[in-house]
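Here is my note on the model, arranged as numbered points. Please keep the structure open beside the text while reading.

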Amino acid sequence: MTGPNPQSKNCERYRRTKLRRIADEVVRCKACSRLVEYRQKVAHQRKREFKDWTYWGRPVPSFGDPRAEFVIIGLAPAAHGANRTGRMFTGDSSGNFLMRALYEAGLANKPRSERADDGLQLNNTYLTATVRCAPPKNKPTRLELDTCKRFLHLELDSLRNGKVVLALGKVAFEAYKQYLREKSMNVEGLTFVHGACYNVAPHFPYFLASYHPSRQNTQTRRLTAEMLSMVVREMKKKAKKNHLKHRNPYF
Ligand code: SF4
């Protein structure tokens, strides 16, 4: 992997530029015809309660702090959430559920995530997803996951301060395992269980799992606010424990 010396003054600027370039590429992407058609159809039809909105209707770039120690991987933009607002985890109940937990942990400056211009800022946290276009029924196909994974991998390679990856849901969990596999890491024994924490050093040293804060999971109380807050607190604890400077070797 080429790039400036990680210790150099230019490194921070390089990382920001690199993430920006990835985001630019994401928003122009039309690789998955089914998703391109769906995201545009939803944007054109709109939901009655959002009829005054101009939907984003494009792939949604990641959102957060390029120097983040915490990287949170979700599934995909929601049709009337991020596909409408253009910002990851924004404009739906999942986003608000997650943001409440991040806010309580001091990782967000607001407890709600409503629109791209609402002033929300994330602290030390980067939100990304397995696919960047809203899929029908929130279910990307295997091919779509494989096609989109390169954006996630490029971001993970660039987030060199990362210490903890939190996967929201099994699909995100498997997506990160795939990344580790491609870095020749042994992923044997990494099983998706809510609250599980694995040490996967030397890369991002810790890998945590949580149920996804989807409406289905939160309404059935499969995932409660306290359960998610506990995982976020654990994430912070792990990062503190690991305050030895841990460099991403793939930068
Ligand atoms: S899901 Fe990913 S790869 Fe597919 S069109 Fe959207 S941005 Fe491109």
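1. Does Q45 count as buried or exposed? With 10 C-beta neighbours inside 10 Å, Q45 counts as exposed, where exposed means that 12 or fewer other C-beta atoms lie within 10 Å of a residue's own, buried means 20 or more, and partly exposed covers the values in between, with C-beta atoms placed from the backbone. Q45 lies in helix 2, and although Q45 and Y55 are 10 residues apart in sequence, their C-alpha atoms are 9.6 Å apart in space.

2. Before going further, please note that this is a predicted model, in which local features need pLDDT of at least 70 and side-chain atom pairs count only at pLDDT 80 or more, while totals for chains, interfaces and linings use all residues. Residues are numbered from 1 along each chain as its sequence is written.

3. The protein chain has eight helices and six strands, and these are DSSP runs numbered from the N terminus (helices: H or I, at least four residues; strands: E, at least two). From the N terminus on, their order is α-α-β-β-α-α-β-α-β-α-β-β-α-α.

4. Buried residues make up 43% of the 251 residues.

5. Just after helix 2, R46 takes a positive phi of about 60°.

6. Around the ligand there are 14 residues, of which C29, C32, P59, C133 and C148 come nearest; a residue is near a molecule if its C-beta atom, placed from the backbone, lies within 6 Å of it. Helix 5 gives the most to this shell, with three residues. The shell divides into 10 nonpolar residues, one polar and three charged, where Ala, Val, Leu, Ile, Met, Phe, Trp, Tyr, Cys and Pro count as nonpolar, Asp, Glu, Lys and Arg as charged, and the others, Gly among them, as polar.

7. Two loop residues deserve a look. N124, in the loop between helix 4 (93-104) and strand 3 (125-129), has a positive phi of about 65° although it is not a glycine, and N124 is partly exposed. R221, in the loop between helix 7 (215-219) and helix 8 (225-241), has a positive phi near 60° and counts as exposed.
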